[in-house]
Amino acid sequence: MSTAAVAAAAPRRLSVRSSLSRNRRWALITSYVFLVIFAIFFLIPPYYMVVTALKSDAEVAHMATNPWIVADGFTLDQFKILLTQTDFLIFFKNTVIVTVSVVAITMVVSVLAAFSLGRMKFWGSSILATGIFLTYLVPDTLLFIPLFQIVKAVGLLNNYWGMILVYPTLTVPFCTWIMIGYFQSIPKELDEAALIDGAGHMQMLTKIFIPVALPGIIAAMIFAFTVSWAAFVYPMAFLYSADQQVLTVGTVTSLIRGDVYKWGMLMAGALMAAAPPLVIYAFLMDYYIAGLTAGATKG
Amino acid sequence: MAEVSLRNVVKRFDDVDVVRNISLDIPDNEFVVLVGPSGCGKSTTLRMIAGLEEITAGDIYIGGEVVNDLPPKDRDIAMVFQNYALYPHMSVFENMSFGLKLRKFPKEEIRKRVAHAARILDITELLDRKPKALSGGQRQRVAMGRAIVRNPKVFLFDEPLSNLDAKLRVQMRTEIKRVHQMVKTTTVYVTHDQVEAMTLADRVVVMNGGVIEQIATPQDLYHHPKTRFVAGFIGSPAMNFLRCRLEQNGAGLRVRLSDAIGLPVPASQSARFQALTGKELIFGLRPEHITEPRRNDRDPQCEFAATLDVVEPMGMETMVYFTVDGQEVCGRVDPGSATGPGETMRLYADMDRMHLIDPQSGAVL
């Protein structure tokens, strides 16, 4: 009787295990299917950009050709013309200056702000921290009219230095908020140990907090970089001559003339404008992960 | 090297008095342990000595100097935290040398001191590692190393062993004692573990509800607790407390626990308790003083019978639990003599070790 019971139990146990592995296999297959669908979905626009940028103007304009492939032979003319006969390089230079300055200003302001708000408890510090975050919730489409008055008043209208003044209103609140969270996650004993070891507040910040919170700081930097590189509304409103224009608005305004769209060059410009963020993301992501796992294996 | 003194120290958070008027003198080189249940104010007291908490009232002296308004770095103290608080981005060497570097010690001196401390703690091979690559015990050693290299006036330990597993805790306890014997620095050590307190301390400070219940050597604390709290807190399993009435017993006195059990007060103590005759008191006796009848010169009046509820064999001894007048009592008997649960056993109370406690004030009489 007992052997029969064992015999009956054995296949049941086996089937449980195989249904588990079947479940797992189905989960994997389903996730791969959806991942592939989404990857295709998100890669179509960049692919379309690359294809269009490599075509000649004639082919782009020709209605009968297949838009998904380059039929008349690859050409780099779009890039050449863009770089030599338009203000693209000026836009690029302006964007780099603006972005680097904005990231630098943002990091200095928000690291100091986050350290004092997150770590040095003082009267009203938590209300102030919430208040800073609330300012981030006001959209730039609402702010650009009053900001126009301010930028005009300080004499920076139609000057990319004005962007360096206004972008931090978008980046500082959010970056401060991210970093308050990071600094607060650092155990309190760490600053107490540093205090006893003889560190002042500035040394505590530079020698302990910044290195320990590096992943958070890099995340904030990526955010500030993205906002300032891709900003559209403010430069649209505050800049109007080509020598002061940045990539986002400059490419669009100089390559669309009335109802004439220079599709090839627009796509080439967009590709080149997207390259620096791509490179920086790739580079900082490595750093970001290295920061997260520092010391886990070997110092 | 310095003595530490607290004079009428008070700490108030909002409206709550966490530490109420504490005075304490710690001579040079002494190892003092502050012990008590959570929320008794022991950690706050330590943090006030460290300068991490401001004091509401009173004075704290380190080496004869009032340090009330001195920041932690100027008090010449070193502290070991419960969660080690190692700097995660620095190697063990950098962790240990950080304080010296900030104080601008010459490189050669730093290297010498770190090497010396690493030798004491046996962590020389770990100096290049990051904290994440260390085990709990190793991290604890590094945290101690960071304190030792500074060669401070006072060591402060805030529950340093609570994060370690039981075996490692015993090992590190011995280690801390060994290190103290080597470096001979005044030490204030906070723990909630009475075994740690008893094994490490030159003197133990028992705290409860923000006040000091008793300051004494471990032996003194065990044999002569001053309050019911101390009597119950020190020793494991805890002392048995039973309602009793003191009554006349011929020429002597007797502690009446129940209708069946009345135990004679030793003649040597009768005179002391004479005035309390007829009063309702609390009788205290440690489990280790309730045994099977084992002494040859024993007083037969101290024997009684009990029906055991629970029997817990521990190996070298067996815990027996029974009730007297509805109150649970624990005894520690020889494993061979214990009967089973539900059975009756002859037990002997070592009345020379008894305590009588005033139920109102909680004072040991």
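Two residues are in contact if their C-beta atoms, placed from the backbone, lie within 7 Å. With that cut-off, the elements that cover the buried residues of helix α4 of chain B include β6 (77-80), α2 (92-102), α3 (107-121), β7 (154-158) and α5 (166-183) of chain B. The structure is a predicted model.

**Helix α4 of chain B**

- Helix α4(B) covers residues 136-149, which makes 14 residues.
- From its first C-alpha to its last, α4(B) reaches 20 Å, close to the 20 Å expected at 1.5 Å a residue.
- Most of α4(B) is covered, since 11 of its 14 residues are buried.
- The buried residues of α4(B) include the arginines Arg139(B), Arg141(B) and Arg146(B).
- Just after the helix, Asn151(B) takes a positive phi of about 50°.

**Domains of chain A**

- Chain A is divided into domain 1, residues 3-53, and domain 2, residues 86-297.
- The C-alpha centres of domain 1 and domain 2 of chain A are 40 Å apart.
- Four residues from domain 1 of chain A and six residues from domain 2 of chain A take part in the contact between them.
- On the side of domain 1 of chain A that touches domain 2 of chain A, three residues are nonpolar, one is polar and none is charged.

**A five-stranded sheet in chain B**

- Strands of a sheet pair through backbone hydrogen bonds, in either a parallel or an antiparallel way.
- In chain B, five strands form an open sheet with antiparallel pairing, in the order β13-β12-β11-β14-β20.
- The edges of this sheet are β13 (262-264) and β20 (355-357) of chain B; each has a single partner strand, so one side of each is left without a neighbour in the sheet.
- Direction ignored, neighbouring strands of this sheet are turned by 40° against each other on average.
- Strand β14(B), residues 280-285, is joined to β20(B) by three bridges, and the two strands run antiparallel.
- Gly284(B) stands opposite His355(B), a residue of β20(B).

**Backbone details in chain B**

- The peptide bond that joins Ser236(B) and Pro237(B) is cis, with omega about -5°. Pro237(B) is found in the loop between α8 (228-233) and β11 (240-249) of chain B.
- Asn21(B), a residue other than glycine, has a positive phi near 55°. Asn21(B) lies in strand β2 of chain B, which comprises residues 16-26. Because 15 other C-beta atoms lie within 10 Å, Asn21(B) is partly exposed.
- Lys184(B), also a residue other than glycine, has a positive phi near 45°. The place of Lys184(B) is in the loop between α5 and β8 (186-191) of chain B. With 13 other C-beta atoms within 10 Å, Lys184(B) is partly exposed.

Key: Residues numbered from 1 in each chain as written. Chains lettered and ligands numbered in written order. Predicted model: local features only at pLDDT ≥ 70, side-chain atom pairs only at ≥ 80, totals over all residues. Domains from an automatic or database assignment. Nonpolar A, V, L, I, M, F, W, Y, C, P; charged D, E, K, R; others polar. Helix = DSSP H or I, 4+ residues; strand = E, 2+ residues; numbered from the N terminus. Expected span 1.5 Å × (residues − 1). Buried ≥ 20, exposed ≤ 12 C-beta atoms within 10 Å, placed from the backbone. Pairing = 2+ DSSP bridges. Axes fitted to C-alpha atoms, helices over the stretch in contact; angles between N-to-C directions.
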